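Me: I would like to learn how to read the features of this model one at a time, with the general idea given before the particular case. Could we begin with how burial is defined?

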Amino acid sequence: MHISLPPLASLAKRSTLLTLVLCIVLGLSAIPAHAVGLIAGLPPGNAIKDPQALLRLALPFDNDAIRAVQLDLEDIESQARGRRWSGVKSDIVKASSTFKRKKTEILESVLPENQAKAEPLAEEIIEDLELLKVAADEKDGTKIKTLRADIMTKIGTLEAAMVDGFPFEIPEEYQTLPQLRGRATVEMQTSKGTLTLVVDGYNAPITAGNFVDLVQRKFYNGLPFTRSEESYVVQGGKPKGDAIGFVDPKTKQYRSIPLEIRTEEEEVPIYGVTLEDAGLYLEHPRLPFSAYGAIAMAHGDDPNDASSQFFFHLFESELTPAGSNLLDGRYAVFGYVTRGKEVLGDLKEGDTIVNVKVTEGLDHFVKSSAA
């Protein structure tokens, strides 16, 4: 068995949606009949590329008001980049108005034990939004970027204070595997520098749990990156010798994990099958490949033979929106690089993972219960 990523061309051959996209990009006038029906279903708008934004959007809580505020503020970045100042101002005014009107509703979703910190945080957000309006009036792009980042961090903190435990029950057949029932921050020291990752067990508990388990075992320490393709991926996690994944030293058994993808529409992840094979061509994963530095598990032809090998996604897809690109739905994203983007861009085949450690969130980790 060979664990790897297939060439981009082979992925394109297997997808009706990709057939359509390739026809559009190449300017072909004759679009295959089986692809025509998908045109109206293509997701509109720009993919969100900020890993912190994707992590905020993937938090499991139920409050439409704070989500609306967040989405308006996420949109500012692209508006400011295009110097569309009227659009920037409109987004800020809308977000500010919604937050003020819905403040009580927003705070009601905060867990009781977090209420004491939430109230002053909400007041800070209101004050910061007023400062953001001024920066927009002055068309000060640098100040807008700084203020927006600070506000989004505070909104993320407020949203995290709304999360009430783990959102679903993991299927019984996977209960013996390691699990991450929340999020963890992981620091990966490489021969080129240090990466900080946030791995998300709220949406990929088995995949993230498997990774954290291997980190705790020091499995990755000293291993080389075994594949590097410019503008595509950096892959690592293959053990030395003939093994292609993790063999439990106690059981002497190779440990594989199922493909695990949670979509925006599903309350629990879809296990063991790609979204394409499940007929869910247009479903959006909650953890998409739209951010530079998305981290996912590598697998072979069988989507359920992933073990220890992972890869970092190296480009922000401009071809199609999140949920409709070449990798979404075929590989399980379980986190994002949040610091060290420049280091990730320098990594090549033969570079080394020096050390990996969990710096936060280990209390969410549940060890394997397998014999």
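Reply: A residue is called buried when its relative accessible area is under 20%, exposed when it is over 50%, and partly exposed in between, using a 1.4 Å probe and protein chains only. Under that definition E276 is buried, and R330 is buried as well. The model is predicted, so local features need pLDDT of at least 70 and side-chain atom pairs count only at pLDDT 80 or more, while totals for chains, interfaces and linings use all residues. Residues are numbered from 1 along each chain as its sequence is written, and side-chain values use heavy atoms, with hydrogens and water left out.

Me: What share of the 371 residues in the protein is buried?

Reply: Buried residues make up 54% of the 371. The accessible surface, computed by the Shrake-Rupley method with a 1.4 Å probe and, for residues, with only the protein chains shown counting as cover, comes to about 16,800 Å², of which 51% belongs to carbon and sulfur atoms.

Me: How many salt bridges does the structure hold?

Reply: Side chains of opposite charge can pair when their charged atoms come close. The criterion for a salt bridge is a side-chain nitrogen of Lys or Arg within 4 Å of a carboxyl oxygen of Asp or Glu, and the structure holds 20 of them. One of these joins E276 to R330, with the closest N and O atoms 2.8 Å apart. E276 lies in the loop between β7 (270-271) and β8 (294-297) and R330 in the loop between β9 and β10 (333-339), so this pair ties together parts that are 54 residues apart in sequence.

Me: Which residues are linked with R56 in a network of salt bridges?

Reply: The network links R56 with D50, E74 and R148. Within it, the side chains of R56 and E74 meet at 3.3 Å, N to O; R56 belongs to helix α4 (residues 51-57) and E74 to helix α5 (residues 64-74), 18 residues apart. Both R56 and E74 are buried. K102 and E105 also form a salt bridge, at 3.7 Å between the closest N and O atoms, but here K102 is partly exposed at 30% relative accessibility, and E105 is partly exposed at 34%.

Me: How many helices and strands are there in the protein, and in which order do the strands of the open sheet run?

Reply: Helices (H or I, at least four residues) and strands (E, at least two) are DSSP runs, numbered from the N terminus, and the protein has twelve of each. Strands of a sheet pair through backbone hydrogen bonds, either parallel or antiparallel; two strands count as paired if DSSP finds at least two bridges between them. Eight strands form the open sheet, in the order β4-β5-β9-β8-β10-β3-β2-β11, with antiparallel pairing. At its edges are β4 (225-229) and β11 (353-360), each pairing on one side only. Between β5 (residues 233-236) and β9 (residues 310-313) there are four bridges, and G236 stands opposite F310 in β9. R227 lies in strand β4 and is buried, with a relative accessible area of 16%.

Me: Which residues is Q79 in contact with, leaving aside its neighbours within four places in sequence?

Reply: Contact means heavy atoms within 4.5 Å, and on that basis Q79, leaving aside those neighbours, is in contact with R84, G87, V88 and D91. Q79 is found in helix α6 (residues 76-81) and is buried, with a relative accessible area of 15%.
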